[in-house]
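Open the model in your viewer, keep the sequence panel beside it, and follow the stops below in order.

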Amino acid sequence: MSEPAISAVQRLFPGADITLLVKPAIAELFAHHPAIHRLLVYDNQGRHAGLSGKWTLARVLRRHRFDLAILLQNAFEAGLLAFLAGIPRRYGYATDGRTLLLTDPVAPAPREPSHHQVNYYWDLMKPFGAEGLPPAPRLVVTRQEELALAARLADAGVAPSDLLIGVNPGSTYGGAKRWIPDRYAEAVNRLSERYEHVRRTRIAVAILGARGEESLGRSIAERIRAKSVVCSGQTTVRELMALAKRCQLFLTNDTGPMHIAAAFNVPTVAVFGPTDWRTTAPFGGQFRVVRKKDVSCAPCLLRECPIDHRCMTGVTVDDVYEAATDQMDRDGPWPSVAVIPESRNCEMSDASQPLSGFTVFLDRDGTLNYDPGFVKTPDELILLPGVPEALARLQQAGARLIVLTNQSGVGRGFFSLRDLELIHARLREALACLQVSLDAIYFCPHHPREDCPCRKPRRGMVDRAVVERRVDLSRSYLIGDQARDIELACLAGIRSVLVTTGPAGRQPLPELESKGIDPCRTVASLAEAADWILEDAITGRRPSAALHITPRHR
């Protein structure tokens, strides 16, 4: 819940070197985060335990010669560490008797019952210049972590095309926060029946949990009719993050994994009982809180219920099932099934957003930014003229924007995955000037010799978008500057636009000619591509792909 405030530090101090001091589990959570340059681990149960351990940590901090400490934690200990480290400016809430340890104490505003914890952290950033409401928390996992998770699921019989429901039935905080295990199983069975029979989509279930919750996970799996994988106690924090991101629905108690799933914008249904949903529910994104509203003793914040657990037993399977179907159906038709007939598409579309429900896939180098061969550092990423404005028009028209990019420089050793994450963070930052936000960036880091299924023109990245982002390929476009982009569009049945802004320029592309493939349109800039897509969507209204196919290709 502190992530929006942490990301704000990067925006408020754009030239600063930012280090995050955290305990081990939280260090894993923030690994590879683009707003953080360095992580220091506070091992309060090991080498930093006791007074001597605090001195050891303070000496480490002192060697970094920090200019400013922003203390998101309210504890006296945090202020003492910053003081012992000799950090000249120490900024934080004046809580827990630490006012004299801070150079810039901030009086916390009176806590309103409905004041969410995300807002509490965000308010601390306002004196530095943070404005408005905080964005939704966001986390990141690497491509390697996603691939490792996919391989692990495949070994367990879960295919990439399966709709994966995550179930998080435990709680390390205490038994009072746990909904009835049998009801989780029944809710999942009803969801499986609905989506397997009505939508003809195969369902798989991943059961998550901490060490010690393995038997709880197995007991639920035994009652689930769909394919299930018990991951309780079997994942690191990073693996749990990748698993949560892979889910299309997440059923959970009020726990840390609930916030992880929400941070990946996974549709989430959270059952709340003894804890206060107003302050710790998922923030932003797609979620539904389910609770028994007429229980006078809730929220009590107790670890174990001293009476009859009425706040949880009062939540029915119907309550969770209805919330889950609402979340699952909110985004309209899934890729595998066309629920809305073609004849109704125009009637249901908002005239002000002619691309509502459409996805625009974008190549990166040569399409969005100048292509020097390999972009190896964030400073080398320079947008082509008019790119933010063109993307803003597409997004304002309702389109989702997804980047598909081959990045064999990783496999060739020219730059690292961390470098690539920073480059993509720079791309997002450059587009943010016109409030453009990319819905996803998929990349292939492999060397061409590896012959991987995700490297364009193979359709691995598109297939991932179909599963993870529920992309309807019949309502999609692809813009690119290379033959492989147009060939990919042909293979996937997507309408294609070739831009001549890349190294090939206006020269014919012999690879396309030899295969008898033509783009639907060839244009000189991304602005022209946006113009044509808007015109094509408005005049054509074709939910099915209409590739230009020459006789040779037919």
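Begin by selecting helix α6 (residues 143-155) together with helix α9 (residues 237-246), whose axes come within 9 Å and cross at roughly 75 degrees. Helices here are DSSP runs of H or I with at least four residues, strands are runs of E with at least two, and the numbering starts from the N terminus. The axes are lines fitted to C-alpha atoms, for helices over the stretch in contact, and angles between N-to-C directions run from 0 to 180 degrees. The two helices α6 and α9 are therefore roughly perpendicular to each other, a label for angles of 65 to 115 degrees, whereas those under 35 count as roughly parallel, those over 145 as roughly antiparallel and the rest as oblique.

This is a predicted model, in which local features need pLDDT of at least 70 and side-chain atom pairs count only at pLDDT 80 or more, while totals for chains, interfaces and linings use all residues. Residues are numbered from 1 along each chain as its sequence is written, and side-chain values use heavy atoms, with hydrogens and water left out.

Staying with this pair, show the side chains of Glu145, Glu146, Leu149, Arg152 and Leu153 on α6, and of Arg238, Glu239, Ala242, Leu243, Lys245 and Arg246 on α9, which make the contact (heavy atoms within 4.5 Å). Which classes of residue does the contact of α6 with α9 have? There are four nonpolar, no polar and seven charged residues in the contact of α6 with α9, where Ala, Val, Leu, Ile, Met, Phe, Trp, Tyr, Cys and Pro count as nonpolar, Asp, Glu, Lys and Arg as charged, and the others, Gly among them, as polar.

Next, select helix α1 (residues 3-12) and helix α5 (residues 117-125), which pack at an angle of about 20 degrees with their axes 8 Å apart. That angle makes α1 roughly parallel to α5.

Finally, move to the open sheet of six strands, ordered β14-β13-β12-β15-β16-β17 and paired in parallel. Its edges are β14 (440-444) and β17 (521-523), each with a single partner strand, so one side of each is left without a neighbour in the sheet.

Conventions. Pairing = 2+ DSSP bridges.
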